[in-house]
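I set out to record, entry by entry, what I looked up in this structure. The notes follow the order in which I consulted it.

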Amino acid sequence: MKRVGTLLLACFALGCEGWVGAPPEDEVSECRPVEVFPGARLLTRVEYRRTVRDLLGEPSDPTLDFPPEPTVNGMNNDARTHVVNPLLLEHFLSSARQLARGAHERGWDHLVDCAEIGRGCAVRFLDRFGARVYRRPLTKDERDSLLRLYDRVEPGLGADEALTAVLEAMLAAPQFLYRVEAERDEDGAGAEPLGAYELASRLSYFLWGSTPDEELLRAARDGELDDANGLDHQARRLLSDPRAREQVREFHRRWLGLDRFKGLVRQDGPEGVGASLEESLLLFLDDVFWNDDADPTSGTLDALFRSPRLYVDSAIAPLYRAPFEGTSAWQAADAPKERHGLLTQPGLLSLFAHTDQSSPIARGVFVRDKLLCSPVPAPPPDVNNTPPDPDPSLTTRERFAVHTADPSCGGCHRWIDPLGFGFENYDQLGRFRARENGLPVDASGAVVDAPDPTLDGSFNGLFELSDRLATSRLVLDCLTRTWMTFALGRTLEFQARSANSLPTADACSRDDTVAASLDQGGNLREVLLAFVATPAFRQRAAREILREVTP
Amino acid sequence: MKTRLDRRAWLRAAGCGGLALPLLDGAWARADSPTPPLRLVIVYTPNGTVPKDWFPVNATSETEFELGRILTPLAPFRDHLTILSGINSAVGLDPANPGGPHQRGIGSLFTGERLGSGEFKDGCGQMAGWPAGPSLDQIVAQLIGGDTPYRSLEFGVRCYDNDVQGRISYSGANMPLPPMNDPSAAFTRLFHPSTPIDPNNPDGRARSVLDAVHEQFSALQKRVGQADKEKLDAHVTLLRDLERRLGLGSGEHCDVPDAPPALDPESEDDMPLVSRAHLDLLAAAFACDLTRVASIQYSTGFNRIRYPWVGSLGEGHSLSHAGDSNVAAWNELTNRLNWHSSELAYFIEKLRGIPEGEGTVFDNTLILWGSEVHQGNSHALTSLPYLILGNAGGRIRTGRSLTYEGRSNAELLLTLARAYGYEEPTLGAPGYCDDVLSGLLV
């Protein structure tokens, strides 16, 4: 497999086709809009925190005690289920008050350019800064109402307090807390497809997890986002901003379920090892994603699965026998004998492990779920899934082999275990081991019944498995779907109505995105940029459009 | 140092004191009322029980029995317990309903509801949404929670699954109530509601801001589609409820508890301290009449939590899947549940220390403890381990071990709801709730 990988590498440089796996069957020009309409999107904690930071310069995190969002499809921004509840509402109100006070204390001149604070300044505040808070210009009703608030508060408490009250009301208003994507224009006509300001918000919350900046709102106002080039220009601008780096980290956290590092306990790991392992993994992923040096594999799926990079801090460096010198908190090293891409990262390996031993099952399931988008059917509910007790006379593989030798388990475990056994060179902390309990480790494995048969077949160890995944169209397709789910905050719809009907916009958009990334050698940043251009990103769902047209 | 909390102070601290002053006279009548308020707490622990150590032993009648090993810490309150067996999640057992066993179990445990369709994945791959109706605590909160600042409080100990497997309390269909995992945040919410107040004219200002917020809602509502409108409507409804609640006072003068120590809600080491802090806060909230309804949720089914303080180093969900012959694993599970019993014993003792009328707060409280499956390794939704502690002002018969073979848990929930004045003929999903359980209501 390694030779094939090298061969493909050369192919990328020459721009030729080298990817393993079937491309979509035919070029299709028409797609059916999806019919999933989840309704207004409530800001998540991350979005709220970044939004008030970018709007107000708020330095603290007001969301620390906000209740968490529901987890759907691994993400936390599912518009259908992330709805307000009493606890969250209390936080929204008290946070609005505290944020408005904080803004006042830092001084209005950060937010609005006024010679003196008064009614004229309030008007100016709403027209300039208000449009940033609501991510679009205010309507007449909205503006009038907020000026009435100013007029009610000002006589008793003064202009400063009145302006504070106006900001507080805006921060507690739905125009701020929700992203509404089915707004009618003031004349009552449905904006279709997405209105320019709606698209601007979609773009900034996708690439930044935060509110549009002034330049993006200007581009929306001037109609530049209606044009593919204008949209692409803005997408590239946003992606080159540090805020995009935060957002890519957020994606990686969701994709791999890194919340589970909280309170992680692993035998032989120092206390708090979870935090170090999480950061190590995120740094690796940052490194792969953002690297744009001259190497043609930089920033690609290939690098994701084959980079030898390992990040360590002083707490975990000894675990992996990594050199650690000097004073910087994190240090990168290449460890080409032990580390070969994502699958060999200590963070990933320890996440998918038990406290005191590796977990071939969890690791195999991870590959099926997160890399192949091919979840394994359910085990029967009465299954005994206790990990076998560590037995000093056996390897983990031998113990699990006994565990799943039962023919009733074998039906499904043949899809999981051979994958997971390929990870056996790495223990519960992701430390490399050639021997376990004095016995040689057998890390031979196999991919069985993958949705793409070209992935099937036996392999020996993670290096070989990673080489195979690194050039798989299916893996890129799966990662693209995950990015789409993250971008759209809804369940994707790939199922065509019947064999002869049009593919869904989601399916078309996925195929276009994968194709565009493949054109760039499987570049990961290209996945985001290409997806922005697709109908799934630029249009709203069909059901709502129908409702708008025929009320 | 203890501080006193009085109604006015709470209102000032809550920040919206003047909002609903006209309501106060009515709400405040409780202090002079001869009948003390009723209270309800639901408690969840994950992955079922160890039946041999949970159910009574050497039982000769419904009142003559010995407590199983798990419940021994509750022995001082034996006369206040009713141990229930044979009660099924009828709605969960019906294969026509969506979801996997963990989802159906916890989804129906306190609701008697079927799950809607949705995208939450069971660990085993089945898909489901939220339950299609409210949980017992919220049904009761609607009946008895309206006169307190918080209609209910939800506490959690290491609850990190934010889906149907991670919630026990629902205010309605698709309306889960997330638990508070951090005692410090809960303390601040209850006893130092945020937001500094302008000393000059707090009330008029706050009212004006909220009026403007309502106007912003109205302005937006006119311009959106149906699905958006439903979400915004739900938000406005909660906002109105919050405004009403902020107009209500705390109960009688009461001691504000000391702030809990700074704890890491995610840490294994702090877990027992978090539990205690939550229980202390809830007892204080009852004493101050900040709420009358609460839930306490200990983690979730798919947890990997260890309980080293009782010598249990297995990870929760895996441990609960141990085969029946795995004596060591089952012993660990018994020890864990025994610890949960002692937590509840501590809580009861705490409530018994708060005088109320002729007796104590515990006299007017009922705690319902349950788990989503019978035992972890079978995931059976039959004979769910339900335990009643306390009698809700003498409305429920206790000191008993009662078997209701094959009855639906919705019927248990209906029976308990009756004690709080619920008058509807059924509770939960249609078709799984025929009648109250006989022999429970006094």
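**Entry 1: Salt bridges**

I began with Arg119(A), which forms a salt bridge with Asp151(A); the closest N and O atoms of the pair are 2.9 Å apart. I noted that this pair links distant parts of the chain, 32 residues apart. Arg119(A) belongs to helix α4 (residues 119-133) of chain A, and Asp151(A) belongs to helix α5 of chain A. I record here that the model is a predicted one. I then looked up the total, and over all chains the structure holds 68 salt bridges.

**Entry 2: Where chain A meets chain B**

I next asked how many residues of each chain are in contact. I found 81 residues of chain A in contact with 70 residues of chain B. The size of an interface is often given as the accessible area lost when the parts come together, so I looked up that value as well. Chain A and chain B bury about 6,200 Å² between them, and 54% of this area is on carbon and sulfur atoms.

Between chain A and chain B the count is seven salt bridges. I noted the salt bridge of Glu215(B) with Arg148(A), in which the closest N and O atoms are 3.0 Å apart.

Which elements give two or more residues to the side of chain A that touches chain B? I listed α3 (86-106), α5 (140-157), α6 (159-172), α7 (174-177) and α23 (542-549) of chain A. The most comes from α3(A), with ten residues. By residue type, I found that this side of chain A divides into 39 nonpolar, 18 polar and 24 charged residues.

**Entry 3: A sheet in chain B**

I turned to an open sheet of seven strands in chain B, with the order β6-β10-β2-β13-β14-β3-β15 and mixed pairing. Its edge strands are β6 (153-157) and β15 (400-403) of chain B, each of which pairs on one side only. Neighbouring strands of the sheet are turned by 15° against each other on average, direction ignored.

I examined strand β3 (residues 81-85) of chain B, which runs parallel to β15(B) and is joined to it by four bridges. Thr82(B) has Arg400(B) as its bridge partner in β15(B).

Lastly, I noted that helix α12 (residues 327-352) of chain B packs on the sheet. The helix touches β2 (39-44), β10 (293-298), β13 (365-370) and β14 (386-389) of chain B, and its direction makes about 170° with that of β13(B).

Terms used. Residues are numbered from 1 along each chain as its sequence is written. Chains are lettered from A and ligands numbered from 1 in the order in which they are written. This is a predicted model: local features need pLDDT of at least 70, side-chain atom pairs count only at pLDDT 80 or more; totals for chains, interfaces and linings use all residues. Side-chain values use heavy atoms; hydrogens and water are left out. Contact means heavy atoms within 4.5 Å. Buried area is the accessible area (1.4 Å probe) that two parts lose on being put together, summed over both. A salt bridge is a side-chain nitrogen of Lys or Arg within 4 Å of a carboxyl oxygen of Asp or Glu. Ala, Val, Leu, Ile, Met, Phe, Trp, Tyr, Cys and Pro count as nonpolar, Asp, Glu, Lys and Arg as charged, and the others, Gly among them, as polar. Two strands pair if DSSP finds at least two bridges between them. Axes are lines fitted to C-alpha atoms, for helices over the stretch in contact, and angles run from 0 to 180 degrees between N-to-C directions.
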